[in-house]
Amino acid sequence: MSVTLSRYRVLLPRNGRILPGCPLRPSTTTRIHTASSVPSLRGSLLDFGRRRGGASVRSLATVYLGLGSNVGDRHANLLRAFKGLREFGEVDATSLLYETPPMYVEDQPWFLNAACRLSTDLGPAVLLERLKVLEAAVGRKDTARWGPRAVDVDILLYDDLVLDGGDGGNGDDGGDTGRPQQHQERQQSKRWLRIPHPRMHERPFVLLPLADIQPDLAHPVLRSTVKELLSGLGLSAGVGNRTLSAAAAGAKGVEGQAGESAGAGGAERVLPMGVCSNGHTRLWPMEGRRSRTYVMGILNATPDSFSDGGQHYRRGGGVATAVEHGLKMARDGADVLDIGGESTRPGAAEVSPEEEISRVVPVIEGIRDAATAGGEAAAGEGDDADTIGPVTITVDTRRAAVAEAAVAAGADAVNDVSGGTFDPQMLATVARTGVPLMMMHMRGTPQTMTSLTDYGGNVVGEVSQSLEACSRAADIAGVPRWMHVLNPGIGFAKTHSQSLLLMRELDVIAKHVGSPLLVGPSRKRFIGELTSESDPIQRDWGTVGACCSAAERGAKLVRVHNVKGAVLALAVSDAIRNEG
Ligand SMILES: Nc1ncnc2c1ncn2[C@@H]1O[C@H](COP(=O)(O)OP(=O)(O)OP(=O)(O)O)[C@@H](O)[C@H]1O
Ligand SMILES: Nc1nc2c(c(=O)[nH]1)N=C(CO)CN2
């Protein structure tokens, strides 16, 4: 049965009867929408909003949106769209980020795709109109259907609404025949709207990110969950092997390249961090053959760090020595330099934000100036993962003011050992600056942490849950999950055996949290104890062992003092894992 409201038809599932326009059986659990039960469907769908307050109070709708971009700085486009969506309600969950082969029209650059969940009082048609305005503001031009675009935001699901708002007058289940001219004419003539999005179930680039948010979410018409729809495409949800099988790729018209590297044919998770020499956001492959274990070089702009005693800062000239050491680490193969102005060794004294800023900002500026001068020639579209660009810099701080000053000076991301909990302004500041956030697990402060090691016998579970909570808080504050890196905090409020257990069960933590893991074993006490080395500087061989073990168990980044050792060792262990 259907009710016609203005030009829109709401499909009402009844008695398991197949609905017009629905490819499969309707769900018996689908909420039945009528004009009275869904006030937002009264009258023309184009001129209502979900009103706040007064007699017509109603609950907020839960909407799932799919985002895509394959023109220009794809991540910058997605981030602008994401920030714009926060004006439409509360974006309370986001996905990871995927680089995906173009579907339908294959002769175009690869896309970046993500998804988010929006809680909004906007009705579906008003939401659609506002999305179109947002897409235009981000830079979308009218293009051929399924063709290249700066940004595309599709309404995937809107509560469990089943809405057939026309098909643009061409009778196709998903709209038109794909002829560009017809598509443009239709776009200009009138808006049509179908919910659920008529093609979402066949799109890995929609289902993969959706599964990050809610794998058990049910499609209100097909009755299958997102996880089940993915498995129907030969893919699995969550961290692990998501590579599209050649059969599934062929069946769905995806650019499947059977016989080539597995990663070339399917979607891959990526982490946006830093800038390529073409000015676009650099994308770090997090799975597939292009992926490897990334090395973060530690650069202490402090006079009192535990393992180097400030040797690269205090002795022999402060900033200049630190900059020189940073550049050496970059030449040794560091993917990112982590610059910190406050020691977090056990018992270390706090420094003021002003002091911290005065330590890190000149070093960031010095490295930025020296490194950008050495950038390579600009690369074309879609090369954002492979282009070697200016060195990537993170600032190691717990303070929002320091993070803000560091990003203004050229830092690409914030690395917070307190997981965003020390400074109440940290999450909002990182959201505003639009950089990725690395969040570490710890308890207490460097002064108190050594006595806070009681995890009730479940350090792995506690750390996983705590990291997940940090990630949720950051997500809600406006730092999308695809920009999170999580760190179990080896040695921070952990005993020797707890550190070993966390190192051993990194894969469990990685699976639990989904986000890329950063691990920092470098020169730590547990390595000294295992190798009988009391001098931290003598612990690099042991550190390399820990890095290789971490990489085998799913760590995506390791934070080390001795970059060269880690880079060389990981080149071998990564190759054995990936190419064997
Ligand atoms: N669920 C939906 N979400 C977004 N747009 C929709 C939806 N259903 C129908 N449309 C209509 O589709 C029109 C074309 O949208 P768009 O240009 O983004 O299509 P496309 O991205 O090329 O193809 P597709 O929608 O299959 O991804 C929109 O103007 C809108 O009227
Ligand atoms: N991989 C991928 N392919 C697409 C995409 C997209 O976002 N990702 N969007 C399209 C237009 O809707 C057409 N094809």
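I'd like to start with Asp-540: is this residue buried or exposed, and what is its relative accessible area?

Modeller: Keep in mind that this is a predicted model. Asp-540 is buried, because its relative accessible area is 14% and the cut-off for buried is under 20%.

Asp-540 forms a salt bridge with Arg-523, and their closest N and O atoms are 2.9 Å apart. Arg-523 sits in the loop between strand S18 (517-519) and helix H15 (525-531), while Asp-540 belongs to helix H16 (residues 540-552), so this pair ties together parts that are 17 residues apart in sequence. Arg-523 is buried as well, with a relative accessible area of 7%.

Now set that beside some other pairs, out of the 29 salt bridges found in a search of the whole structure. Arg-290 and Glu-99 meet through their side chains, at 2.9 Å from N to O. Here Arg-290 is in the loop between strand S11 (281-285) and strand S12 (294-300), and Glu-99 is in strand S5 (residues 97-100), so the bridge ties together parts that are 191 residues apart in sequence. The Glu-99 end is buried, at 3% relative accessibility, whereas Arg-290 counts as partly exposed at 32%.

Helix H17 (residues 563-579) holds another pair: Arg-577 and Asp-574 lie in it three residues apart, about one turn of the helix. Their salt bridge has its closest N and O atoms 3.0 Å apart. Asp-574 is buried, with a relative accessible area of 7%, but Arg-577 is partly exposed, at 32%.

Some charged residues join up into a network instead: Lys-132, Glu-135, Arg-140, Arg-149 and Asp-152 are linked by salt bridges. The side chain of Arg-140 has an N or O atom 2.7 Å from an oxygen atom of ligand 1. Trp-146 puts a polar side-chain atom 3.0 Å from a ligand 1 oxygen, and Asp-154 places one 3.2 Å from an oxygen atom of ligand 1. On its own ligand 1 exposes 600 Å², and the protein buries 98% of that.

The backbone takes part here. An N or O atom in the backbone of Pro-101 is 2.7 Å from a nitrogen atom of ligand 2, and a backbone N or O atom of Met-103 is 3.0 Å from a ligand 2 nitrogen. Asn-113 uses its side chain, with an N or O atom 2.8 Å from an oxygen atom of ligand 2. The protein covers 97% of the 340 Å² of accessible area that ligand 2 has by itself.

Definitions and conventions. Residues numbered from 1 in each chain as written. Chains lettered and ligands numbered in written order. Predicted model: local features only at pLDDT ≥ 70, side-chain atom pairs only at ≥ 80, totals over all residues. Heavy atoms only, no water. Polar contact = N/O pair within 3.5 Å; in protein donor to acceptor, adjacent residues only side chain to side chain. Areas by Shrake-Rupley, 256 points an atom, 1.4 Å probe, with all protein chains shown as cover. Salt bridge = Lys/Arg side-chain N within 4 Å of Asp/Glu carboxyl O. Helix = DSSP H or I, 4+ residues; strand = E, 2+ residues; numbered from the N terminus. Buried < 20%, exposed > 50% of the residue type's maximum accessible area, 1.4 Å probe, protein only.
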